[in-house]
Each structure stands twice: as C-alpha cells, then as structure tokens.
Amino acid sequence: MPAPLDVDAVRRAPKVLLHDHLDGGLRPQTVLELAEESGYRDLPAGDAEALGTWFRQAADSGSLVRYLETFAHTVGVMQRPEAVRRVARECALDLAADGVVHAEVRMAPELLTAGGTPIEEAVEAILDGFAQGSAEAAAAGTPISVGALLCAMRQADRWEEVAGLVVRYRDAGVVGFDLAGPEIGFPPDRIPAAIALLDRAGAHRTVHAGEAAGIDSIRAALDGAHAERLGHGVRIADEVPGEGPLGPLARRVLDEQVPLEVAPSSNVQTGAYPSIAAHPVGRLHRLGFAVTVNTDNRLMSGVSVTGELADVAAAHGWGWDDVQTVTERALAAAFLDDAERARLLDDVVRPGFAALRG
Ligand SMILES: [Zn+2]
C-alpha cells in the first residue's frame, strides 16, 4: 500500500532543491540573536514568533518596498563572517531535517561585504557553514549535500568578479553562477565579459528569468547568458495557450527540456498569480516541461520543500508519480558530477520513493 500523499509522507521522501536563497531562509530566532550580537537595531519585532509573522506579512503585502525591507534585515545581520557561517550551517540542518538530500542554495556575496568582510571571506564563510551543517546532519542520520550558487546582482557591475569566484571556488563547494535582482531593465547579457569568462571555464549557470519579465527575458537568459536552468521561468506559460500550439520559445524550452526552477508560493506572494491552484505549475508539468518545485525564500514565504510539494500536489491533483518525477528531474538538472548524481538516484532517491509507494 502506498503511503497517503500527506505532509508527513512527503517529509520522509528524499527531495532535491535547486532554488533557495540563503538570505531568504534564516530562522527568526537567529535573526534576533545575530542582531543582538552585532548591534543591529532596526528589527521590527522583538520575539521570534512576531518576527516570523512580520516577515511573511511584509512579503505578502503586495508592496515591493516592504518586500525588499525584509532582505534589508536578513542581509543586515549577515555582515560578519561568523554570522554567515551560522546562517549557512542552520540552512543545511533545516533542509536536512525537511528530508532534502541535495540542495543548491544561492547568495550574492557582494551583499555580505558592507561591514568590511572581503568578498572571498564571505564565500568561504558560506562554504564552511554548509560543510559544518552537512557533517552534523550526516552524523544525525539525515545526510545532505549542499552546493553554493553565487549570484551577481543584475543592477550592479560585479558580474565578472562573481564569475571569477565561481571558477576559483568550484572545487570547494561552489557549483555555479546566477543572476539575481531586478529583471526588468537589466538584461542577463548586459556584461558579456562575465558570460564569456564562465563559458571559457565551463562553469555552470542558472539565471533568474521569466519571473517579473516575460518571454524576451527568458530568451536572453538562454541565448545571451547561456543559462542551463531558468530561475522561475514560469512566464514561459505566456506562450502556452489553453489550447492550440505552443509559441516558438515554449516549444524550444519543452523540446530541450530546460529545467524550470518553479517556486509557486513565492510567485503568489509577489502577485504574479492569485493562488497555487491558479499557478501554471500544474499545466506546465502536465505538458511535459522540466518543472521542478522550489522554495525561493523559506522565511519570507513561510514554506518548506515538503510544504511546497504537498501544497502543489493537493492543488493540482498530483500523485506519488508526479512528486517522484519532479524530484528526479531536479536531480538530473543539479550541478553535480555524474557519479554523485547516479549514486543519489540509485541509492537514495529511488529506494526512498519505493519505500513510500509500497
Ligand atoms: Zn530566487
């Protein structure tokens, strides 16, 4: 007998996470303690429960100013390497406790330098924290691998520097490059030298595209920035009519099976879609697009990988087949070497799902 597809069972399933922001996933209690340690005085609440609620409500308010204010606070308390290490360690532990077996967590290291931390030290603190958290998770019987994606901010001009860090630290836990920040007005091929550097080094990249902006942005991410995966990418649905043929770019994204790092709750919060039920994740998955399900910002959205998968499954009528398919797709799209990918598939993901499906 298969286990019922509920939150408890989904938590036990071995899951793969491709799109999660380090500065969007802090524990509220940690935000408070780091603020206290560093003398940060701008937090809007003084206890963990009220602070967690504030983050969700501010992100939910429909006001971009309040939404961005949430990151001002999380980044504000991460301006020392020991704070970054702690946040990264807890991220690995929290994801492992949620049943995630491989995660790629992203951060823009340039945002961690305002307090005087050199950018290399910020990267090393992220990697140290992931390594420490993963080691503790393994000792607790919930092994996880966590790779770091380094984001360059679209509106800033440090792309080449960040691309260089991706290459420099790729044997130490950095798995790829991302572009984050305002999608509209800052195209992903704006600084060709950074893209060329990544191309020459054969470095992996995923690019936020098709979240705030539409088809043209997705095309530029693929053709201009040579993205292997699309961060969100859901606006490809603009070329997927209810009936009739797909538009040319949607046809290509489907045919080439470009992985879409879909984060439904995040899209609902930013007002792109009115609800999970009305989100195109179900339609895209049904048509065979390479949909994966992600959290984006666990603190701001109040979500976990388990919760997000369970909610999408409930809203779109998914069964275990669908949950396993999106998991195996995420693993196939992960920036892992082939031996590790095969090990996770054969020894962890497939046996884990088989146990649940009976
Ligand atoms: Zn994102």
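How much of the chain over residues 14–349 is helix and how much is strand, and how far apart are the end C-alpha atoms? Over this stretch the chain is 49% helix and 13% strand, with the end C-alpha atoms 5 Å apart; helices (H or I, at least four residues) and strands (E, at least two) are DSSP runs numbered from the N terminus. The model is predicted, so local features need pLDDT of at least 70 and side-chain atom pairs count only at pLDDT 80 or more, while totals for chains, interfaces and linings use all residues. Residues are numbered from 1 along each chain as its sequence is written, and side-chain values use heavy atoms, with hydrogens and water left out. An unreviewed UniProt entry places the feature "domain: Adenosine deaminase" at residues 14–349; such annotations may be inferred rather than shown by experiment.

Turning to the metal site, the zinc ion is coordinated by His-19 (NE2), His-21 (NE2), His-208 (NE2) and Asp-296 (OD), at 2.1 to 2.3 Å. Donors here are N, O and S atoms within 2.8 Å of the metal (3.2 Å for Na, K and Ca), and sites may look incomplete because water is not among the atoms. Along the chain, the donors follow the spacing H-x1-H-x186-H-x87-D. Among them, His-21 in strand S1 (residues 15–21) and Asp-296 in the loop between strand S8 (291–293) and helix H13 (298–301) link distant parts of the chain, 275 residues apart. His-21 is buried at 11% relative accessibility, and Asp-296 is buried at 3%, where buried means under 20% relative accessible area (1.4 Å probe, protein chains only).

Elsewhere, Arg-329 lies in helix H15 (residues 320–333) and is also buried, at 17% relative accessibility.

Terms used:
Buried means under 20% relative accessible area, exposed over 50%, partly exposed in between (1.4 Å probe, protein chains only).
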